[in-house]
Amino acid sequence: MAYGLIRVLDEQGRAVGPWAPTLEPDVLRHGLRAMLLTRLFEDRMFRSHRQGKTSFFMKSTGEEAISAAQSMVMGPRDMCFSTYRVLAWLMARNYPVIDLVNQIFSNEKDPLKGRQLPILYSARGYGFYSLSGNLGSRFGHAVGWAMASAYKGDDSLALAYIGEGSTAEGDFHEALTFASVYHAPVIFCITNNQWAISSYSGIAGGEETTFASKAIGYGLPGLRVDGNDFLAVWAVTEWARARAKANLGATVIELFTYRGAGHSTSDDPARYRPADEAKSWPLGDPIDRLKQYLITQGEWDETRHVQFEAELAEGIRAAIKEGEAVGTLGQSKPPVSEMFEGVFEHPDWRVQEQKRELGA
Amino acid sequence: MPSMSMIQALNSALDVMLGENPDVLVFGEDVGYFGGVFRVTDGLQKKHGLKRCFDTPISEGGIIATAIGMGAYGLRPVAEIQFADYILPAFDQLVSEAARLRYRSNGEFWAPITVRAPYGGGIYGGQTHSQSPEALFAHVTGLCTVIPSNPYDAKGLLIASIESNDPVIFLEPKRIYHGPFDGHHESQVKPWAGHPLAEVPAGHYVVPLGKAQLVREGNDVTILAYGTMVHVAAAAIEESGIDGELIDLRSIVPLDLDAITASVRKTGRCVIVHEASRFAGFGAELSALVQERCFWHLKSPIARVTGWDTPYPHAFEWDYFPGPARVIKALVQIMEA
């Protein structure tokens with residue numbers, strides 16, 4: 001299973017094979033909502049960046065099924081150690097869109113007080129660990145979290161994301177070693193979206209073997225799954241979660257997908273890959289595929305979809321308007337005294353003096 | 001009160017904390033069954049069990065990443081890095097993660113971890129078992145850096161570090177693990193037994209971080225030191241007959257600035273002593289602070305006595321090490337200036 005590709009949704013939008021989960025239509029519609037909301041929000045915020053309303057933005061276009069399904073499979077007390085392309089995790093848990101907007105605008109109501117780059121969220125109450133721009137460096141935190149939870153007799157599991165490019169970091173191998181040695185209840189997810197900025201997955205070793213197969217050397221199970229297949233991602237994650245819950249240890253999941261957009265607002269993908277490559281991606285679009293499945297099941301139709309999309313877009317427009325009223329980047333920011341808070345639990349004399357020096 | 005070496009005092013601190021607080025875990029390379037290469041964790045696994053004190057893979061980055069995750073969950077992990085020289089694979093974890101977590105998450109997560117590491121020279125350990133990297137950590141805001149100089153402080157500072165909600169780098173000068181080394185390497189090694197600061201209470205007590213210790217009162221010159229150099233400086237004062245005021249900083253972050261400035265304003269002279277190499281060493285920061293805050297009280301330029309700006313050498317250990325002769329020379333020069 002580390003070398004094949006686990007799929008459920010076929011080309012005709014049917015759920016087939018041994019991994020097909022049985023899910024209520026409302027659950028599926030909630031998943032579709034999280035994915036659509038993510039896509040619409042990110043497209044809209046990307047435009048906000050082009051309008052100069054924020055400094056930086058990144059989209060997860062084409063990868064929405066992964067974190068939407070996993071957020072729904074994992075429990076409210078589980079912790080996600082995220083990358084910057086898993087916004088659907090928060091959307092699936094109904095994180096307030098206005099808080100995302102305020103964080104991206106770094107305005108007065110930014111929940112992270114203007115201290116962090118746009119989209120590097122932290123949302124403990126939503127099972128979302130503090131995100132950072134360093135790649136891979138939280139992978140091992142998930143192991144520590146899972147070990148701590150197990151030590152305390154708690155049932156909070158950890159799920160960690162890393163990109164296929166960052167599997168080359170030492171953090172990846174260290175985390176797998178520790179998880180293996182201590183049988184930590186953690187799920188390691190490698191989102192293989194084929195591209196690390198401009199480097200194709202072969203630069204990370206993707207032409208020599210699969211990323212899921214890296215698990216084998218650590219004595220861990222590795223599963224390779226179609227990351228654009230909401231149902232397959234759901235089923236595989238459920239399997240890994242049950243394994244962790246039963247105290248059988250960690251699982252590595254390679255989520256085979258495609259980065260539909262550029263790396264960030266700072267690059268033009270046409271400079272390093274064919275402009276039409278995204279259209280040629282054979283595994284399709286995750287939103288279209290789940291939508292098609294719901295339609296096949298008689299639980300959705302085009303009219304409802306168009307109406308639904310319009311409703312979500314309206315909600316997003318309203319949230320962005322509300323955020324813009326507070327202020328976009330540079331127009332509004334938290335009190336500058338916030339720059340000096342949270343460096344230590346209690347500020348030492350340096351921080352206090354410098355705060356006074358700035359007149360904050 | 002029991003008499004303890006620094007090893008025993010550190011062991012006692014860990015023993016007390018493991019006994020009192022189920023959230024404290026102790027781990028690192030060779031830390032569990034074997035009890036650590038310097039024996040600091042000796043007997044702890046046997047007494048407190050495998051879940052509380054355990055061996056880790058040889059992976060400093062993995063050790064610290066695991067500790068941070070545990071800390072974020074709510075435990076108080078105490079990780080050992082076998083030698084401070086080996087801490088660099090974990091540097092990214094300490095700088096980019098432990099030091100920043102509270103700040104970047106607006107207090108949603110933090111890393112109450114203690115990272116212990118034997119440090120410093122004087123044991124013929126060569127380049128990879130002798131270095132003093134404290135300035136690297138002092139420069140990173142969000143980290144505390146603690147360096148004890150005696151058994152009593154070692155235990156109280158380690159307990160304070162474990163109880164701190166900020167990440168603490170706890171550097172243990174290995175040359176004074178067994179006795180107060182004054183830099184006279186040709187002399188017979190003295191044990192801690194009989195030293196007043198080897199009288200260590202058996203139970204829980206705290207030496208707060210950020211409070212320097214006035215080791216010797218004097219009127220002519222302030223000597224700022226920490227770790228092994230406290231003993232070297234004390235010997236230099238005694239042998240030179242110069243009325244030096246010796247301050248043991250105990251922790252360089254947080255730094256007891258008031259103790260430093262009060263002393264230099266009184267004496268008008270300042271000599272800074274550390275084992276680490278000089279250029280951009282912690283002495284540079286101390287020198288800048290004293291200059292900025294005590295300039296009009298100074299009777300002579302501030303002096304630094306430090307390791308040379310070379311890698312830590314093996315055969316030249318005692319040429320590199322800032323021993324009493326070099327400290328005395330600096331004291332004499334500053335008095336003549």
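Predicted model: local features only at pLDDT ≥ 70, side-chain atom pairs only at ≥ 80, totals over all residues.
Reader: What makes chain A as compact as a globular protein of its length?

Author: The secondary structure of chain A comes to 10 helices and 7 strands. Its radius of gyration is 21 Å, and the globule rule gives 21 Å for 360 residues; the two values are close, so chain A is as compact as a globular protein of that length. Along the principal axes, the C-alpha trace of chain A spans about 65 × 50 × 40 Å.

Reader: What share of the residues in chain A is called buried, and on what ground?

Author: A residue is buried if 20 or more other C-beta atoms lie within 10 Å of its own. By that criterion, buried residues make up 52% of the 360 residues in chain A. As for contacts in chain A with a separation of 6 or more, 77% of them are accounted for by residues 24 or more positions apart.

Reader: Which residues count as part of the contact of chain A with chain B, and which helix of chain A gives the most?

Author: Two residues are in contact if their C-beta atoms lie within 7 Å. The contact takes 35 residues from chain A and 34 residues from chain B. Helix 5 (139–151) and helix 6 (170–182) of chain A each supply at least two residues of the side that touches chain B. Helix 5 of chain A gives the most, with 10 residues. By class, this side of chain A has 15 nonpolar, 13 polar and 7 charged residues.

Reader: Why is helix 6 of chain A called roughly perpendicular to helix 3 of chain B?

Author: The axes of helix 6 of chain A and helix 3 (residues 60–73) of chain B come within 9 Å and cross at roughly 70 degrees. Angles of 65 to 115 degrees count as roughly perpendicular, and the pair is therefore described in that way. Among the residues that meet there are E174(A) and F178(A) in helix 6 of chain A, and A65(B) and T66(B) in helix 3 of chain B. The residues of this contact divide into 3 nonpolar, 5 polar and 2 charged.

Reader: Into which domains is chain B divided, and how many residues does each give to the contact?

Author: Chain B is divided into domain 1 (6–198) and domain 2 (213–336). Their centres, taken over C-alpha atoms, are separated by 25 Å. The contact takes 30 residues from domain 1 of chain B and 29 residues from domain 2 of chain B. On the side of domain 1 that touches domain 2, helix 6 (134–138), strand 5 (144–146) and helix 7 (151–163) of chain B give two or more residues.

Conventions:
Residues numbered from 1 in each chain as written. Chains lettered and ligands numbered in written order. Helix = DSSP H or I, 4+ residues; strand = E, 2+ residues; numbered from the N terminus. Rg over C-alpha atoms; globule rule 2.2 N^0.38 Å. Buried ≥ 20, exposed ≤ 12 C-beta atoms within 10 Å, placed from the backbone. Nonpolar A, V, L, I, M, F, W, Y, C, P; charged D, E, K, R; others polar. Domains from an automatic or database assignment. Axes fitted to C-alpha atoms, helices over the stretch in contact; angles between N-to-C directions. Parallel < 35°, antiparallel > 145°, perpendicular 65-115°, else oblique.
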